[in-house]
Amino acid sequence: MAFQKIYLKKRYMIIKQKIHLGKSSFSGVEVMDGVLVEFYCANGGGFKHEVFVSPNSPYLNDLVTEGKIDFESLSKKGVATMSIFEKQTPLLFQYQFFNSKECNNDYLIIFRLGEWQNGRYMCEINAILEIDLNK
Ligand SMILES: [Zn+2]
């Protein structure tokens with residue numbers, strides 16, 4: 001009975017829109033300490049948010065396993081192609097939530113951070129999405 005209740009409460013979050021991103025790629029060994037990312041507020045007006053993307057962030061796959069979001073929806077929003085999501089690479093997608101008190105919007109930041117196969121350290125911001133957490 002308890003399990004059923006939890007199941008009914010479990011809802012998908014809603015992707016509202018993909019946010020325009022100025023700089024989305026960062027390189028150098030210092031990215032391993034995290035990256036400060038700037039992006040435009042979904043409310044417009046050219047207002048910028050700043051968020052610190054940490055290498056200790058959880059993995060996107062966990063969010064999908066929890067049933068909060070699915071790869072198909074993310075692919076449709078241009079986060080990455082399905083073949084990239086399905087491909088097993090040493091560099092996995094990570095995510096962070098960000099809520100701004102200034103606009104009260106919720107954002108989902110999806111990125112890959114680490115040492116790539118060519119020996120370069122890189123942080124690639126795949127997408128920043130304005131979302132409705134649907135709590
Ligand atoms: Zn905002």
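Gly-114 stands opposite Met-122 in β7. Helices (H or I, at least four residues) and strands (E, at least two) are DSSP runs, numbered from the N terminus. Two strands pair if DSSP finds at least two bridges between them, and β6 and β7 pair in the antiparallel sense over 10 bridges.

## Basis of the model

This is a predicted model, in which local features need pLDDT of at least 70 and side-chain atom pairs count only at pLDDT 80 or more, while totals for chains, interfaces and linings use all residues. Residues are numbered from 1 along each chain as its sequence is written.

The term pLDDT denotes the predictor's confidence in each residue, from 0 to 100. The protein chain averages a pLDDT of 88, and 89% of the residues score at least 70. Two residues are in contact if their C-beta atoms, placed from the backbone, lie within 7 Å.

## Overall arrangement

The protein chain contains 4 helices and 7 strands. Along the sequence, these elements follow the pattern α-β-β-β-β-α-α-α-β-β-β. Among contacts between residues at least 6 apart in sequence, 57% join residues at least 24 apart.

A residue is buried if 20 or more other C-beta atoms lie within 10 Å of its own, exposed if 12 or fewer, and partly exposed in between, with C-beta atoms placed from the backbone. Of the 135 residues of the protein chain, 21% count as buried.

## Other partners of β7

Strand β7 is also joined to β1 and to β2. Strand β1 (residues 14-18) runs antiparallel to β7, and 4 bridges join them. In this pairing, Gln-17 of the chain has Glu-130 in β7 as its bridge partner. Strand β2 (residues 25-27) is likewise antiparallel to β7, with 3 bridges between them. The bridge partner of Ser-27 in β7 is Met-122.

## The β5 and β6 hairpin

Strands β5 and β6 run antiparallel and are joined by 7 bridges. Phe-98 stands opposite Tyr-107 in β6. The hairpin that these strands form has 6 residues between the strands.

Asn-104 lies in the loop between β5 and β6. This residue has a positive phi of about 60° although it is not a glycine. Asn-104 counts as exposed because it has 8 C-beta neighbours inside 10 Å.

## The nonpolar core

A nonpolar core is a set of buried Ala, Val, Leu, Ile, Met, Phe, Trp, Tyr and Cys residues joined through C-beta atoms within 7 Å. The largest such core has 25 residues, and those with the most contacts inside it are Leu-108, Ile-109, Ile-110, Phe-111 and Ile-128. The elements that give two or more residues to this core are β3, α2 (60-65), β5 (93-99), β6 (106-115) and β7. In soluble globular proteins, nonpolar side chains tend to be buried together.

Ile-128 lies in strand β7 (residues 121-132). With 27 C-beta neighbours inside 10 Å, Ile-128 is therefore classed as buried. Not counting residues up to four places away in sequence, Ile-128 touches Ile-19, Leu-21, Phe-39, Tyr-107 and Ile-109. The C-alpha atoms of Ile-128 and Val-79 are separated by 8.6 Å, and these residues are 49 residues apart along the chain. Ile-110, leaving aside its neighbours within four places in sequence, is in contact with Leu-60, Val-79, Phe-93, Tyr-95, Asn-126 and Ala-127.

Leu-36 is found in strand β3 (residues 35-40). Is Leu-36 buried or exposed? Leu-36 counts as exposed, because 9 C-beta neighbours lie inside 10 Å.

Leaving aside neighbours within four places in sequence, the contacts of Leu-36 are with Glu-50 and Phe-52. The C-alpha atoms of Leu-36 and Val-53 are separated by 6.1 Å, and the two residues are 17 residues apart along the chain.
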